[in-house]
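Visitor: I would like to learn how to read a protein model. Please take me through some features one at a time.

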Amino acid sequence: MRVAENLNAALHGLLDDDPAAYVLGEDVLDPYGGAFKITRGLSTRFPGRVITTPISEGALTGVAAGLALAGNTAVAEIMFGDFATLAFDQLCNFAAKSVSMYGSRLPLRMIVRCPTGGGRGYGPTHSQSLQKHFVGVPGLALYEMSPFHDNREVLAAMVERGEPCLFFEDKVLYTRPAGQAGPLLRVRRDGDLAVVEPVVPELADRPDCVIVAPGGTAHRAMEAMRSLLLEEEIACRLLVPSRLYPLDAEALLPHLGRVVLVAEESAPGGAWGAEVAHQVHQRAWERLRGPVRLVCSRASVIPTAAHLEREVLVSAPAIHRAVREAVRRAAQEAPRG
Amino acid sequence: MTETMTGAAAEAVTGAAAGSAAPGTAGPAEAPAGPALSRLADDDLDLLLLIRHFELTLLRLYGRGELNGTTHTCLGQEYVPVALRPLLGPGDFVLSNHRGHGHYLARFGDAHGLLAEIMGREGAVCGGVGGSQHIHRDRYLSTGVQGESLPVAAGVALHLRRAEPGALACVYIGDGTWGEGAVYEALNLAALWDLPLLVVVENNGIAQSTPTGAHLAGSIAGRAAAFGIDHHPVVSADVNEIRPALAPLVARVREGRPLVAEFRTHRLGPHSKGDDTRPPAQVRAARAHDWYARYAHDHPGHLHPADERVRARVEEIAAEVAARPPSRWSPCA
């Protein structure tokens, strides 16, 4: 099953299980079924609870908040995550505040889906990974779709939180198979965390480098893991959390080694990886051979032409090089403490 | 915005500095403007006075440095939520804004809880976290960002239309709010989806310090018309006139016909604390429209005893709330 089908099935399941659940967004009705077809079939099966909206990201997010305020579960789709900027006030100043600024907790069951990221030639305003702009807002949780997390579970976790959640969905991931780690690697789950390791147990147990990546970057990280293994004899472990913020850093700790690297598609500067690095430094500094390394896309707009876009976005070779460099540097440094 | 404040703002509104005979009157200089007001029901008058004295008390407390932060009083606009009060039921949602004390008091009559909220004292409606402009209680919610509440109200109205037909969402906005794009996105949805949405506009002719003529092209009526939404202008400050005229229109809102009810009103006080830069003549003109001064002129025998009684009650409330221990809260996000 492809990830898009898994997500579509998850939305069917959510609407089926919860008679007070709504899905709304632009062009989400059948036969169109959303720009990325994630809402396909929903409006036919649940007429009246799947609502198409005008091109009004701010308002549709506000409507989702209003539905949640009145006790419903609301899932809003922002057609391209780039347009979540138009909903920032509703997310940051209304929904995230409302759960906590009235003295006692006011639960809001609200998910805002954001198809995210590049690699499909949509150009500078339809390809960004804007997760970092939403990091650190109390009362606003960030999740990212991953090939290793069943979306029905993830949706349930977001609903269960009772606060507005942004769900970042890497667009390239939609067409990938769900749940598979590919050659040489295997995946296991430790709670919320997906752990990807070499199939060979000796390599899995003592990785040279631990990579932390959100779901959308996982395939590039795994491609790098394979080339590192084959070309450099460097073994890596990949950690993919479903919830990006607030980050459960404690859950990472048992899986960390002496070299840690965060890979993500965001432009550099105040990125999610910096938050991960800080959390890891606070808890595991003495175990590290050096500071957590960050691998991002380049500090650039995202071009449309495929050959130019490839130059900008974080890639498997970039992760490969960064891991190799980090492992070499660590080998040169004296062990800490 | 920074403001400095003395008791002058409160005095400017009450006219006390000008040496008027009765504290809380509009001052001796201006003859009341507008036609004679009809005699109010006792409970309406009491509620109007409760809001008036609540707001005056706030300004005095600020003047004495006893309140933290800022506040926006609705002096001069008290009759708007009072006129609406019996037209709204407990099943209706009310979304209020930064100038919302009157809206809250008209719904709950709870001066203790609101003052405790503003003063950060025990018994505060929201633990002292929200303060003057962020209040939530049952189906009442206020928030401080202009225009933001309209899409939320549309979402609430969508819920009501489906799950609780006959109930409505009422959202209070000002003339200045019409500068926000969120207003138009929400009006579009309200009309498209036949939402039971009542938009109450308190057009007091000024957005903070900017006169309506400098921030609003065309008219609010024209903007409502652009969406095919009914617009009802309210020029009167007479609760007994406003209410029956609005009643059938509010009933139509409940059937899914959204309405913009525009009250042309007057803000007597500063935007927040002591930041009134209007020329004195403009302030005097606003005060000449004050329902309070007009009612004192038209019905002195009704007003003054009630005024004394309510003023004393609010003073008692203020003293009682001020003596309470600080509110307690632990961060819960």
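Visitor: Which helices do the buried residues of helix 13 of chain B pack against?
Guide: A word on the source: this is a predicted model. In chain B, helix 2 (42-63), helix 5 (111-119) and helix 12 (291-298) are the packing partners of those buried residues. The buried residues are L303(B), D307(B), V310(B), V314(B), A318(B) and V321(B).

Visitor: How many residues does helix 13 of chain B have, and what does it reach from its first C-alpha to its last?
Guide: Helix 13 of chain B covers residues 300-322, which is 23 residues. From first C-alpha to last it reaches 32 Å, close to the 33 Å expected at 1.5 Å a residue.

Visitor: Now a sheet. In what order do the seven strands of the open sheet in chain A lie?
Guide: The general idea comes first. Strands of a sheet pair through backbone hydrogen bonds, and the pairing is either parallel or antiparallel. In chain A the order is 2-1-3-4-6-5-11, with mixed pairing. Strand 2 (50-52) and strand 11 (243-245) of chain A are the edge strands, each pairing on one side only. On average, neighbouring strands of this sheet are turned by 25° against each other, direction ignored.

Visitor: How many bridges join strand 4 to strand 6 of chain A, and do the strands run parallel or antiparallel?
Guide: Strand 4 (residues 109-116) and strand 6 (residues 165-170) of chain A run parallel and are joined by six bridges.

Visitor: Next, the contact between the chains. How many residues does each chain give?
Guide: Chain A gives 27 residues and chain B gives 26 residues. On the chain A side, the elements that give two or more residues are helix 3 (57-69) and helix 4 (88-98) of chain A. Helix 3 of chain A provides the largest share, nine residues. By type, the chain A side divides into 14 nonpolar, eleven polar and two charged residues.

Visitor: Is helix 4 of chain A mostly covered or mostly uncovered?
Guide: Helix 4 of chain A is mostly covered, with eight of its eleven residues buried. Among them are L91(A), F94(A) and A95(A), as well as D89(A) and K97(A). The buried residues pack against helix 3 and strand 4 of chain A, together with helix 6 (149-163) of chain B.

Visitor: What should I look for in the backbone angles?
Guide: Most residues other than glycine have a negative phi, and most peptide bonds are trans. Exceptions deserve a look.

Visitor: Where is the cis peptide bond that involves P31(A)?
Guide: The cis bond joins D30(A) and P31(A), with omega about 5°. P31(A) lies in the loop between strand 1 (21-25) and helix 2 (42-45) of chain A. Another cis bond runs from Y245(A) to P246(A), with omega near -5°. P246(A) is in the loop between strand 11 and helix 8 (249-252) of chain A.

Visitor: And positive phi: where is D138(B) found?
Guide: D138(B) is not a glycine, yet has a positive phi of about 45°. This residue sits in the loop between strand 2 (136-137) and strand 3 (140-142) of chain B.

Visitor: Why does D138(B) count as exposed?
Guide: D138(B) counts as exposed because 10 C-beta neighbours lie inside 10 Å, and the cut-off for exposed is 12 or fewer.

Visitor: What is phi of Q208(B) near?
Guide: Phi of Q208(B) is near 55°, again positive in a residue other than glycine. Q208(B) is in the loop between strand 6 (206-207) and strand 7 (210-211) of chain B. Q208(B) counts as partly exposed because of its 14 C-beta neighbours inside 10 Å.

Notes: Residues are numbered from 1 along each chain as its sequence is written. Chains are lettered from A and ligands numbered from 1 in the order in which they are written. This is a predicted model: local features need pLDDT of at least 70, side-chain atom pairs count only at pLDDT 80 or more; totals for chains, interfaces and linings use all residues. Two residues are in contact if their C-beta atoms, placed from the backbone, lie within 7 Å. Helices (H or I, at least four residues) and strands (E, at least two) are DSSP runs, numbered from the N terminus. Ala, Val, Leu, Ile, Met, Phe, Trp, Tyr, Cys and Pro count as nonpolar, Asp, Glu, Lys and Arg as charged, and the others, Gly among them, as polar. Two strands pair if DSSP finds at least two bridges between them. Axes are lines fitted to C-alpha atoms, for helices over the stretch in contact, and angles run from 0 to 180 degrees between N-to-C directions. A residue is buried if 20 or more other C-beta atoms lie within 10 Å of its own, exposed if 12 or fewer, and partly exposed in between; C-beta atoms are placed from the backbone. The expected span of a helix is 1.5 Å times one less than its number of residues.
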